[in-house]
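Trainee: I would like to learn how to read a model of this kind feature by feature. Could we begin with a helix and work outwards from there?

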Amino acid sequence: MSANSGHWDAELFRREGHRMVDWIAGYLDGGNRQYPVLSRLAAGDVGRRLPKTAPATAEDPAVVWQDFLDVVLPGVTHWNHPGFMAYFSITGSGPGILGELLSAALNVNGMLWRTSPAATELELEVLQWLRRALELPDDFFGFLTDTASVSSMLGLATAREAADLDIRQRGMSGRSDLPALRVYASDQAHSSIAKGCIALGLGLDGYRPVPHNADYRMDTRALTSAIAADRRAGRIPIAVVATVGTTSTTSVDPVREIARICADEGLWLHVDAAYAGTAALCPEHRWALDGCELADSFVFNPHKWMFTPIDCSALYTRHRELFRRAFSLVPEYLTTPLGGSEHAVDLMDYGVQLGRRFRALKLWWVLRSFGLDGIRERLREHIRLAQCFAAFIDRAPAFERVAPAPFSVVCFRARPEGLAGAELDSFNLHLLERVNASGEVFLSHTRLDGGIALRVAIGNLGTTEADVRRCQELLLAAVCEQETRRSPAGR
Ligand SMILES: Cc1ncc(COP(=O)(O)O)c(C=O)c1O
């Protein structure tokens, strides 16, 4: 069939596919450096350039491709760029990209084992590979979701089920017999935990942020007091979330101590290791998961620091049956009365979603293409680069480091003389804007105890020592420029 029929024949697919794969190969091989990391477009710019209705007839693929280059690409912030050092920087690696391509080609929906045995079995086996590599217990059952936000919400939903409050059947609203429920996490925990509480009907009041100590780790004495206060007030604590690698500073909560409190109090322990879990693949960073073997549920994201294209989140639990109790609901049309197998695992039973992408394919491809040692080597290099940057900050009089940097993220700020409070925050935010406007790097910020902090996160496979040095030069130049403007002579 021709392009005009809207259905591509093999020849056309091959031609367009080659065009795209060639472009991707060049993009990954340094072509990405020609683009500003952070898109320079204003809100609405891309939308304005798009037609208001879908085309009524098939368009020439060459025209669509040109529009991708001219209209879409300028509006892309390049997460797959060596200068991307914002948030948690990530990599869509070659093997991961091809895994995605294959998974789209097969277009499998792995809702039931029967609807594609390989999708389920590859997922379960690859998750066991990772479990072993992270030295997590044999009885951890693992499967994939899209994001850590959803993984954590599923963990908390199962914690709620484990509390035996008959919520699955009766719900929570309008029940005079159901006191308010409580979930605890450090005030450094990711916002997805609070969102999970909103979605599960606990509300923001049901989410109890626990203060942190000087190293941004959960203060466990404050946790114990908060649980006791809630019990005295007649509320029902159900779960504690410990974070391994907090979003702002990558601090690691004292998981073993939190697990002890959970055991004493009969609470579910969910561990959010979305970013730093990957570091534990290296024996020298395995300490980060100390105590995680005691977790009831545990999540880490291969799409964060394991070179797997977004989305890919690995969720583990010791309570597989409780997950099923929380989520399994099988209408007749999803049963397999004659064609099933009692050993088959239907992954739709472990969460809210029915349809499931064949995510394991890209993860499998990544693991086999890098090998665990290959992944470890790159993680060590990222950590080395971050430590070089931390050493630069520690040496540079214009800057100060504002938190420990155990992995590949460094939090720091400029400290111009005579500035404090809101003025210091404003100086740092303007500095960030100036550096990001260079287009060479993209950094992000957070708020810590002393105010605004800037963050450099290393996590892209293309990032080199020269990129980190360039980032340092840009920061120094921007500080000088802002200082000059501030000084009376510069005004
Ligand atoms: C500690 C932590 N947990 C959860 C998340 C949310 O991850 P996702 O985007 O996969 O939902 C993040 C995102 O950065 C994070 O840092």
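This is a predicted model: local features need pLDDT of at least 70, side-chain atom pairs count only at pLDDT 80 or more; totals for chains, interfaces and linings use all residues.

Trainee: Which residues of α9 are buried, and why can they be said to line one face of the helix?

Mentor: The general idea is that an α-helix has 3.6 residues a turn, so residues three or four places apart point the same way. In α9 the buried residues are Thr-220, Leu-223 and Ile-227. Seen down the axis of α9, these buried residues fall within an arc of 45°, so they line one face of the helix.

Trainee: Which exposed residues are carried by the face of α9 turned away from its buried side, and what covers the buried residues?

Mentor: The face turned away from the buried side carries Ala-228, Ala-229 and Arg-232, which are exposed. The cover over the buried residues of α9 includes strands β2, β3 and β4 together with helix α10 (255–265). Just after α9, Gly-234 takes a positive phi of about 85°.

Trainee: Turning to helix α8, which of its residues are buried, and what do they pack against?

Mentor: Helix α8 runs over residues 191–199, and Ser-192, Ile-193, Ala-194, Gly-196 and Cys-197 are buried there. These buried residues pack against helix α6 (148–162) and against the strands β2 (181–186), β3 (207–210), β4 (236–243) and β5 (268–272). Just after α8 comes Gly-201, with a positive phi of about 85°.

Trainee: Where does a residue other than glycine take a positive phi?

Mentor: As background, most residues other than glycine have a negative phi, and most peptide bonds are trans. Tyr-87 is one case, with phi near 45°, and its place is in the loop between α3 (61–72) and α4 (94–106). With 18 other C-beta atoms within 10 Å, Tyr-87 is partly exposed. Another case is Thr-250, where phi is near 65°; Thr-250 is found in the loop between β4 and α10, and it counts as buried because it has 28 C-beta neighbours inside 10 Å.

Trainee: Which peptide bond is cis?

Mentor: The bond from Ile-310 to Asp-311 is cis, with omega near 15°. Asp-311 lies in the loop between α11 (302–305) and β7 (313–317).

Trainee: How many residues surround the ligand, and how do they divide by class?

Mentor: The ligand is surrounded by 15 residues, of which the closest are Thr-147, Ser-149, His-190, Thr-247 and Ala-274. By class, this shell has four nonpolar, ten polar and one charged residues.

Trainee: Is Thr-278 buried or exposed, and what does it touch?

Mentor: Thr-278 is found in the loop between β5 and β6 (297–300), and it is buried, with 30 other C-beta atoms within 10 Å. Beyond residues up to four places away in sequence, Thr-278 touches Phe-300, Lys-304, Trp-305, Met-306 and Leu-379. Its C-alpha atom is separated by 34 Å from that of Ser-426, which is 148 residues apart from it along the chain.

Trainee: Finally, what does the domain assignment of the chain give, and how many residues of domain 1 are in contact with domain 2?

Mentor: The assignment gives domain 1 (109–358) and domain 2 (368–490), and the centres of the two, taken over C-alpha atoms, are separated by 32 Å. Contact between them involves 16 residues of domain 1 and 16 residues of domain 2. On the side of domain 1 that touches domain 2, the residues divide into ten nonpolar, five polar and one charged.

Technical notes: Residues are numbered from 1 along each chain as its sequence is written. A residue is buried if 20 or more other C-beta atoms lie within 10 Å of its own, exposed if 12 or fewer, and partly exposed in between; C-beta atoms are placed from the backbone. Helices (H or I, at least four residues) and strands (E, at least two) are DSSP runs, numbered from the N terminus. Two residues are in contact if their C-beta atoms, placed from the backbone, lie within 7 Å. A residue is near a molecule or strand if its C-beta atom, placed from the backbone, lies within 6 Å of it. Ala, Val, Leu, Ile, Met, Phe, Trp, Tyr, Cys and Pro count as nonpolar, Asp, Glu, Lys and Arg as charged, and the others, Gly among them, as polar. The arc is that of the directions from the helix axis to the C-beta atoms. Domain bounds come from an automatic or database domain assignment.
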